[in-house]
Amino acid sequence: QRLAPALIDVFVPRARKVGKTNEVEADALVQYLKKELEDGGALQQRNASIGVLSLLGIEQVRMLRSKLLDVLTDRQLAQHRVVVGDASTLQGDERDVILLSMVCSPGASPAQTGRMYEQRFNVAMSRARDRVVLFRSIN
């Protein structure tokens, strides 16, 4: 049985991209996943596999990985096959749920157009079997 809804849109107010990272957005994603993987959490109950992806650069990936390692147990990481990376990390692989960090914020959002961004977004979205949770700081 699939998770519903297939897309969850999480707007993160007052988040700002500084350099190539958005720490407030990263914190929101980490807290969401922590809650979902605790006893009784929906993703924990389903034993869902998890992919955490950033659309913009390795810097956000490093921040997300570090924060997740601080709050998730080794058992949670292994049981849910948590992978943290960019779109190419899961090329040819899937997870039940993808948590996607957009990184951009008002005043710091370069146009994400062109073939490269289209491919990144397509790969990120198509790696989810059941659900994508999109974390964004722009309207």
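Two strands are said to pair if DSSP finds at least two bridges between them, and strands themselves (E, at least two residues), like helices (H or I, at least four residues), are DSSP runs numbered from the N terminus. With these terms in hand, strand E4 (residues 95–101) pairs with strand E5 in the parallel sense over six bridges. The structure is a predicted model, in which local features need pLDDT of at least 70 and side-chain atom pairs count only at pLDDT 80 or more, while totals for chains, interfaces and linings use all residues. Residues are numbered from 1 along each chain as its sequence is written, and side-chain values use heavy atoms, with hydrogens and water left out.

The overall picture comes next. The chain holds five helices and five strands, and these elements follow the order β-α-α-β-α-α-β-β-α-β from the N terminus on. Of the 139 residues in the chain, 47% are buried; here buried means under 20% relative accessible area, exposed means over 50%, and partly exposed lies in between (1.4 Å probe, protein chains only). The accessible surface of the chain is about 7,300 Å², and carbon and sulfur atoms account for 49% of that surface. Such areas come from the Shrake-Rupley method with a 1.4 Å probe, and for residues only the protein chains shown count as cover.

E5 is largely enclosed by the rest of the structure, because eight of its nine residues are buried. Besides its pairing with E4, E5 pairs with strand E1 (residues 7–11), again in the parallel sense, over five bridges. Individual residues show how the strands line up: Asp 9 stands opposite Leu 134 in E5, and Ser 101 stands opposite Phe 135 in E5.

E5 spans residues 128–136 and includes Asp 130. With a relative accessibility of 14%, Asp 130 counts as buried. Its side chain makes a polar contact with the side chain of Arg 2 at 2.8 Å. A polar contact is a pair of N or O atoms within 3.5 Å; within protein, one must be able to donate a hydrogen and the other to accept it, and residues adjacent in sequence count only if both atoms are side-chain atoms. Setting aside residues up to four places away in sequence, Asp 130 touches Arg 2, Leu 3, Ala 6, Arg 46 and Asp 96.

The buried residues of H1 are Glu 25, Ala 26, Leu 29, Val 30, Tyr 32, Leu 33, Glu 36 and Leu 37. Seen down the axis of H1, these buried residues fall within an arc of 160°, so they line one face of the helix; the arc is that of the directions from the helix axis to the C-beta atoms. An α-helix has 3.6 residues a turn, so residues three or four places apart point the same way.

Gln 60 is found in helix H3 (residues 57–71) and, at 0% relative accessibility, counts as buried. The side chain of Gln 60 reaches the backbone nitrogen of Asn 22 at 2.7 Å and makes a polar contact with the side chain of Ser 101 at 3.1 Å. Ala 26 can also be compared with Leu 100 in strand E4: the two are 74 residues apart in sequence, yet their C-alpha atoms are 9.9 Å apart in space. Leu 100 is buried, at 0% relative accessibility.

A cis peptide bond, with omega about 0°, joins Ala 4 and Pro 5, and Pro 5 lies in the segment before E1. Asn 47 is not a glycine but has a positive phi of about 55°; this residue lies in the loop between helix H2 (42–46) and strand E2 (50–54) and is partly exposed at 41% relative accessibility. Arg 81 likewise has a positive phi, near 45°, in the loop between helix H4 (74–79) and strand E3 (83–86). Arg 81 is partly exposed, with a relative accessible area of 40%.

How values were computed: Contact means heavy atoms within 4.5 Å.
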